[in-house]
Amino acid sequence: MTRRLDSNAAQTARTTIAVEGARVHNLKNISLEIPRDRLIVVTGLSGSGKSSLAFDTIYAEGQRRYMESLSSYAKRFVTQVAKPDVDFVFGLSPVISIEQKTLSNNPRSTVGTMTDVASYLNLLFATIGHPQCPRTAEPTPSRSASQILEAILSLPAGAEIELRAPVFKVYGEDLDFIFTELRKRGCRRVVVDGKSVDIAAQLELDETAVQHMDAVVDRFVVNRKHEKAIRPASPRRCSSATA
């Protein structure tokens with residue numbers, strides 16, 4: 001007997017995750033469909049099977065399928081995952097599980113950094129992204145050190161150049177922490193809302209009034225004789241410096 005599949009149905013991606021006959025722990029032969037590409041919240045009384053459904057059934061099945069895709073050599077170095085007591089689960093994608101516990105004391109840790117997803121996102125955006133100025137939205141194409149050097153030397157001789165790198169506050173950071181990080185990178189002066197300040201000295205700034213900050217990376221005068229001195233300025237310290 002030959003079965004012919006509908007080409008349209010075969011190409012249509014599932015819009016739900018279907019769980020049929022889940023019997024893990026407190027689950028009593030539960031069947032349900034969960035929409036994909038949505039934020040789903042599982043609620044219920046203590047012991048009603050919330051974790052059994054989310055972690056011990058859906059996540060465990062996703063991990064088990066991933067383990068099956070590994071080679072026999074790789075399987076020797078990972079812990080084998082038992083098949084959950086469920087008839088079938090359809091529509092699963094690669095899964096990530098984050099439990100409600102503290103894994104790091106770093107206050108800047110996020111879901112992305114704890115799961116290493118952030119590293120892959122950085123690579124993705126660096127590869128296919130179109131960089132632009134975060135303030136003016138102007139395109140800022142990637143340039144090599146030689147191209148930046150030629151652009152600087154094409155300016156009139158004797159012109160004074162100041163390389164700056166924009167500084168942005170991350171939620172929860174205060175100015176003292178930011179200035180300490182800049183000092184570690186070798187920056188001493190910062191332009192705060194158009195006013196140049198020396199961060200080596202004690203500063204009294206109203207953090208709520210600060211809008212724009214730029215770290216002064218280097219200063220020099222345009223001249224072909226200074227080419228060797230200008231060249232190291234681009235890769236040194238702050239790689240996002242702009243003239």
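Trainee: Which residues of helix α7 are buried?

Mentor: Leu175, Ile178, Phe179 and Leu182 are buried in α7, residues 175-184. Buried means under 20% relative accessible area, exposed over 50%, and partly exposed in between, with a 1.4 Å probe and protein chains only. Helices (H or I, at least four residues) and strands (E, at least two) are DSSP runs, numbered from the N terminus. The model is predicted: local features need pLDDT of at least 70, side-chain atom pairs count only at pLDDT 80 or more, and totals for chains, interfaces and linings use all residues. Residues are numbered from 1 along each chain as its sequence is written, and side-chain values use heavy atoms, leaving out hydrogens and water.

Trainee: Why are the buried residues of α7 said to line one face of the helix?

Mentor: Seen down the axis of α7, they fall within an arc of 95°, so they line one face. The arc is taken from the directions from the helix axis to the C-beta atoms. The face turned away from the buried side carries exposed Asp176 and Lys184.

Trainee: What makes Glu162 and Arg219 a salt bridge?

Mentor: A salt bridge needs a side-chain nitrogen of Lys or Arg within 4 Å of a carboxyl oxygen of Asp or Glu. Here the N to O distance is 2.7 Å, so the pair meets the definition. Glu162 lies in strand β4 and Arg219 in strand β7, 57 residues apart.

Trainee: Why does Arg219 count as partly exposed?

Mentor: Its relative accessibility is 48%, so Arg219 counts as partly exposed. For Glu162 the value is 22%, which also counts as partly exposed.
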